[in-house]
Structures are given as structure tokens and as C-alpha cells.
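Here's a quick briefing to read alongside the coordinates. Have the viewer open and follow along topic by topic.

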Amino acid sequence: MKELSCVYKSGKLLKIRLSYDEEENRIRSIFITGDFFLYPERTLERIESNLIGVIAREGSILTAVAQSLEGSQPFGFDARSLTEAILLCVKQC
């Protein structure tokens, strides 16, 4: 299992820390911070929770993020840019 972190510039800055299981190609834990805004704020916890166990592929991550953002208003990022930030971390392996 690898512990990874990266910084990604979207509309705003996204900082991703995650644990990644190379053998299973799955996200084990993730922590997202940055200078973005998200309303309601509890959506961030939902995103992080829904990404645990997700296969680290673009389609899987994008689906989990997009579903987590339903009914929310992100400012400074969208589902695609957050997915790209997460994939950037995974590719560091």
C-alpha cells in the first residue's frame, strides 16, 4: 500500500492525500483539501467516503465524484478536475 500526495491547480488549488493499494488498484483512504468552496460542506466527507474502495480508473473515480456532488455547489473545481487530481496522485506510483 502506498501513501501519496499531490497538488493540482484547477479553478482553485486541490490537495490530495491518499492511500492506494497497487495490487487491487483501489483507493483505501483519501483526504481532500485546498482553497475551493463546497456547499453544503458535508459534501466533502461524502466524496471522500464514496471514493474508498473505488478502482483507480478514470471512469470509476469520475462516477463516484459526480454522484457525490449531486445536489451540491462546488466552487473552484468540478467532478472532472477532482478526478484528474486523484489520478495524478495514483500515477506517481
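What follows covers the sheet, the disulfide and a helix pair.

Keep in mind that this is a predicted model. It has an open sheet of 3 strands in the order β1-β2-β3, paired antiparallel. There is also 1 disulfide in the structure, and helices α1 and α2 pack at an angle of about 150 degrees.

**The sheet**

- Start at the edges: β1 (2-9) and β3 (26-34) are the edge strands, and each of them pairs on one side only.
- β1 and β2 run antiparallel and are joined by 8 bridges.
- As background, strands of a sheet pair through backbone hydrogen bonds, in either a parallel or an antiparallel way.

**The disulfide**

- The two cysteines are Cys-6 and Cys-89, and their sulfur atoms sit 2.4 Å apart.
- The Cys-6 to Cys-89 link is left-handed, with -105 degrees about the S-S bond.
- Cys-6 belongs to strand β1 and Cys-89 to helix α3 (residues 79-91), so the pair ties together parts that are 83 residues apart in sequence.
- In general terms, a disulfide is a covalent bond between the sulfur atoms of two cysteines.

**The α1/α2 pair**

- Helix α1 covers residues 43-51 and helix α2 covers residues 58-69; their axes are 9 Å apart, and the packing angle is about 150 degrees.
- Because that angle is over the 145 cut-off, α1 counts as roughly antiparallel to α2.
- As for handedness, the crossing of α1 and α2 is right-handed.
- On the α1 side, the contact is made by Thr-43, Arg-46, Ile-47, Asn-50 and Leu-51, which meet Ile-61, Ala-64, Val-65, Ser-68 and Leu-69 of α2.
- Sorted by class, the contact of α1 with α2 has 6 nonpolar, 3 polar and 1 charged residues.

**Where to look again**

Technical notes
Residues numbered from 1 in each chain as written. Predicted model: local features only at pLDDT ≥ 70, side-chain atom pairs only at ≥ 80, totals over all residues. Heavy atoms only, no water. Axes fitted to C-alpha atoms, helices over the stretch in contact; angles between N-to-C directions. Helix = DSSP H or I, 4+ residues; strand = E, 2+ residues; numbered from the N terminus. Parallel < 35°, antiparallel > 145°, perpendicular 65-115°, else oblique. Left-handed = near helix turned anticlockwise from the far one by under 90°. Contact = heavy atoms within 4.5 Å. Nonpolar A, V, L, I, M, F, W, Y, C, P; charged D, E, K, R; others polar. Pairing = 2+ DSSP bridges. Disulfide = S-S within 2.5 Å.
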